[in-house]
Amino acid sequence: MDRPLRLITANPVDQLARTVEALLVVASQPLSVEELVAATADEAERIETGLGLLADRYREGRSGIVLEQVAGGWAFRASREAAEACGRLFERPVERGLSAAAMETLAIVAYLGPCTRPDIARIRGVAADSVVAGLLERGLIAEAGRENEAGGAVRYKTTPLFERVFGLESLAALPRLDDLGGEADEIRARLEAVAEKRPA
């Protein structure tokens, strides 16, 4: 049986944990250990210990908010049991109403990126201009330079917001194509065909 949620006590590491907690609450995006070290002027090992205390205190099933490692840092999110109520109070436009086309485009950029609109169009088989514009507006993808220095097509990559919205610590946490079932071979072939046409 879980012990009751208790306030963090007053020893030095607990005091540091409370400071880290405050920093995570006021931050607008996930904070890395390095950023927490700089903000607290403390040591990385002690920060990690403090994060461990907070992760235990704010874990799924124990608190209405959960501390998780996401998008290369640490951030709070609503617990699963509170998510529906939070959604009614505050609809997040980034997450609301992503179409199948937007999800397909996000997957292409996440797996193949940085990639261009023509790359996306070749894989999806339809023009990608409006979908890419919508994802840019929502902040889920961003420009990542051009195909060549002579002013080729703009390349796009996913953003830290994409990782946060989808609960990924990094792009390395994306499911492997081998785990996607029967369509994996077709998806891989289409990705490889586009990749072969791209300049080195």
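**A helix pair and its surroundings**

Mentor: Helix H2 (residues 33-40) and helix H3 (residues 44-57) have axes that come within 9 Å and cross at roughly 110°. H2 and H3 are therefore roughly perpendicular to each other. On the H2 side, the contact is made by Val33, Leu36, Val37 and Thr40. H3 brings Ala44, Ile47, Glu48 and Leu51. Sorted by type, the residues of this H2 and H3 contact are six nonpolar, one polar and one charged. Keep in mind that this is a predicted model.

Now the sheet. It is open and has three strands, in the order E3-E5-E4, with antiparallel pairing. Strand E3 (115-116) and strand E4 (141-146) are at the edges; each has a single partner strand, so one side of each has no neighbour in the sheet.

Take the pairings in turn. E3 and strand E5 (residues 154-158) are antiparallel and pair over two bridges. Cysteine 115 has tyrosine 156 of E5 as its bridge partner. Threonine 116 has arginine 155 of E5. E4 also runs antiparallel to E5, and four bridges join E4 to E5. In one of the bridges to E5, isoleucine 141 is partnered by threonine 158.

Next, the two faces of E5. In a regular strand, side chains alternate between the two faces of the sheet. The covered face of E5 holds Val154, Tyr156 and Thr158. The uncovered face holds Arg155 and Lys157. Helix H5 (residues 100-112) lies across E3, E4 and E5, and runs at about 95° to E5. Helix H7 (residues 129-138) lies across E4 and E5, at about 110° to E4.

The largest nonpolar core has 21 residues, and Ile120, Leu135 and Ile141 touch the most other members. H5, helix H6 (117-124), H7, E5 and helix H8 (160-165) each give two or more residues to this core. H5 gives the most, with six residues. Look at isoleucine 120 in detail. Beyond its neighbours within four places in sequence, isoleucine 120 is in contact with Thr105, Ile108, Val109, Cys115, Ala128 and Val132. There is also a second, separate core of 14 residues, which includes Val20, Leu24, Leu54 and Phe76.

Two further sites deserve a look. Valine 70 lies in strand E1 (residues 65-70). Its relative accessible area is 0%, so valine 70 is buried. Leaving aside neighbours within four places in sequence, valine 70 is in contact with Pro30, Ala75, Glu163, Arg164, Gly167, Leu168 and Glu169. The C-alpha atoms of valine 70 and serine 32 are separated by 9.4 Å, although the two residues are 38 residues apart along the chain.

Serine 79 is the other site. Serine 79 sits in the loop between strand E2 (73-78) and helix H4 (80-89). Serine 79 counts as buried because its relative accessibility is 1%, and the cut-off for buried is under 20%.

Conventions: Residues numbered from 1 in each chain as written. Predicted model: local features only at pLDDT ≥ 70, side-chain atom pairs only at ≥ 80, totals over all residues. Heavy atoms only, no water. Pairing = 2+ DSSP bridges. Contact = heavy atoms within 4.5 Å. Axes fitted to C-alpha atoms, helices over the stretch in contact; angles between N-to-C directions. Parallel < 35°, antiparallel > 145°, perpendicular 65-115°, else oblique. Nonpolar A, V, L, I, M, F, W, Y, C, P; charged D, E, K, R; others polar. Buried < 20%, exposed > 50% of the residue type's maximum accessible area, 1.4 Å probe, protein only. Core = buried A, V, L, I, M, F, W, Y, C linked by side-chain atoms within 4.5 Å.
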